[in-house]
Amino acid sequence: MSALPRAPSAKAATERDAIPDDQLMLAYAHGDAAAFDVLYARHEGGLFRFVKRLLGARLVAQADEVFQDTWVRIISARESFSPQGATWRTWAFTIAHNLAMDRLRVSGREVALDTHTDDDGDAVPTLDRGVRGAVDAAAHPSAEELAFWRAAGRRLLACLDELPADQRAAFLLHHEDGLTVEALAASLEIGFETVRSRLRYGLQKLRGCMERYLSVLEQRA
């Protein structure tokens with residue numbers, strides 16, 4: 001088992017900062033360890049947050065182990081990685097998703113989902129549209145506003161933890177990692193409408209859970 005890479009030197013990070021993820025991975029596969037150092041530093045925080053939020057509060061103690069296992073899998077697959085199709089980031093987050101879901105299954109927390117789909121053809125709405133607009137508009141938030149956003153953030157994390165694992169994973173991959181519905185369906189190897197259904201039901205539950213904070217935002221708009 002390979003150890004995780006050391007933190008990248010400033011020189012390595014500077015020289016490789018503009019290189020795309022896929023090319024960094026290919027360089028690492030050909031023996032350039034410094035390229036992987038930069039790749040690791042670039043995605044360490046986002047990948048760990050994704051794993052931690054996907055596992056939820058009950059399994060948060062296992063986040064470090066799943067995070068480490070994810071990078072070990074990435075390291076082990078370096079020679080077989082191909083930049084064709086999904087991006088490196090999508091590929092890596094899919095590995096993390098699968099490992100986290102395995103833990104959830106073992107713990108008995110995975111929930112079978114109703115895959116009913118809507119036939120109205122509307123795009124899946126976003127939860128944070130109004131939130132981001134309000135934050136951008138508040139260049140100098142007051143102490144009261146800061147307290148509101150901190151409380152809303154804590155509530156959102158609690159609401160995410162209440163979602164079924166599959167809905168939570170779809171939400172995080174779509175809204176935090178930026179995967180399209182098509183990319184989610186391909187990377188998770190499930191149907192387009194199933195992904196769309198999970199996103200819609202997850203968002204509906206989050207809106208209900210966040211109703212107190214969303215109503216305040218609507219009044220401010």
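Helix 2 and helix 3 are oblique to each other, in what is a predicted model. Helix 2 covers residues 21-29, and its axis lies 7 Å from that of helix 3 at an angle of about 140°. An angle over 145 degrees would count as roughly antiparallel, so this pair is classed as oblique instead. The crossing of these two helices is left-handed.

On the helix 2 side, the residues in contact are Asp21, Leu24, Met25, Ala27 and Tyr28. They meet Ala33, Ala35, Phe36, Val38, Leu39, Arg42 and His43 of helix 3. Sorted by class, this contact holds nine nonpolar residues, one polar residue and two charged residues.

**Helix pairs**

| Pair | Angle between axes | Axis separation |
|---|---|---|
| Helix 2 and helix 3 | about 140° | 7 Å |
| Helix 3 and helix 4 | roughly 140° | within 9 Å |
| Helix 5 and helix 8 | about 160° | 11 Å |

Helix 3 also packs on helix 4, which is made of residues 63-76. These two are oblique to each other as well, but the crossing of helix 3 with helix 4 is right-handed. From helix 3 the contact takes in Phe36, Leu39, Tyr40, His43, Glu44, Leu47, Phe48, Val51, Lys52 and Leu55. Helix 4 contributes Ala63, Asp64, Val66, Phe67, Thr70, Trp71, Ile74 and Ile75. The classes here are 13 nonpolar, two polar and three charged residues. Phe36, Leu39 and His43 of helix 3 touch helix 2 and also touch helix 4.

Helix 5 (residues 88-107) and helix 8 (residues 165-176) form another pair. With an angle of about 160°, they are roughly antiparallel to each other, because the angle is over 145 degrees. Helix 5 passes helix 8 in a right-handed crossing. Arg89, Phe93, His97, Met101 and Leu104 of helix 5 are in contact with Ala165, Asp166, Arg168, Ala169, Leu173 and Glu176 of helix 8. Six of these residues are nonpolar, one is polar and four are charged.

**The second largest pocket**

The second largest pocket holds about 190 Å³ of space. Its lining consists of Arg49, Lys52, Arg53, Gly56, Ala57, Val60, Leu157, Leu160 and Asp161. At least two of the lining residues come from helix 3 (33-55), and at least two from helix 7 (143-162). By class, the lining has four nonpolar residues, one polar residue and four charged residues. Lys52 is one of the lining residues, and Lys52 is also part of the contact that helix 3 makes with helix 4.

Technical notes:
Residues numbered from 1 in each chain as written. Predicted model: local features only at pLDDT ≥ 70, side-chain atom pairs only at ≥ 80, totals over all residues. Heavy atoms only, no water. 1 Å grid on protein atoms, 1.4 Å probe; cavity = no way out; pocket = protein on both sides within 12 Å on 5 of 7 lines; lining within 4 Å. Points joined across faces, edges and corners; volume = space filled by probe spheres on them. Helix = DSSP H or I, 4+ residues; strand = E, 2+ residues; numbered from the N terminus. Nonpolar A, V, L, I, M, F, W, Y, C, P; charged D, E, K, R; others polar. Axes fitted to C-alpha atoms, helices over the stretch in contact; angles between N-to-C directions. Parallel < 35°, antiparallel > 145°, perpendicular 65-115°, else oblique. Left-handed = near helix turned anticlockwise from the far one by under 90°. Contact = heavy atoms within 4.5 Å.
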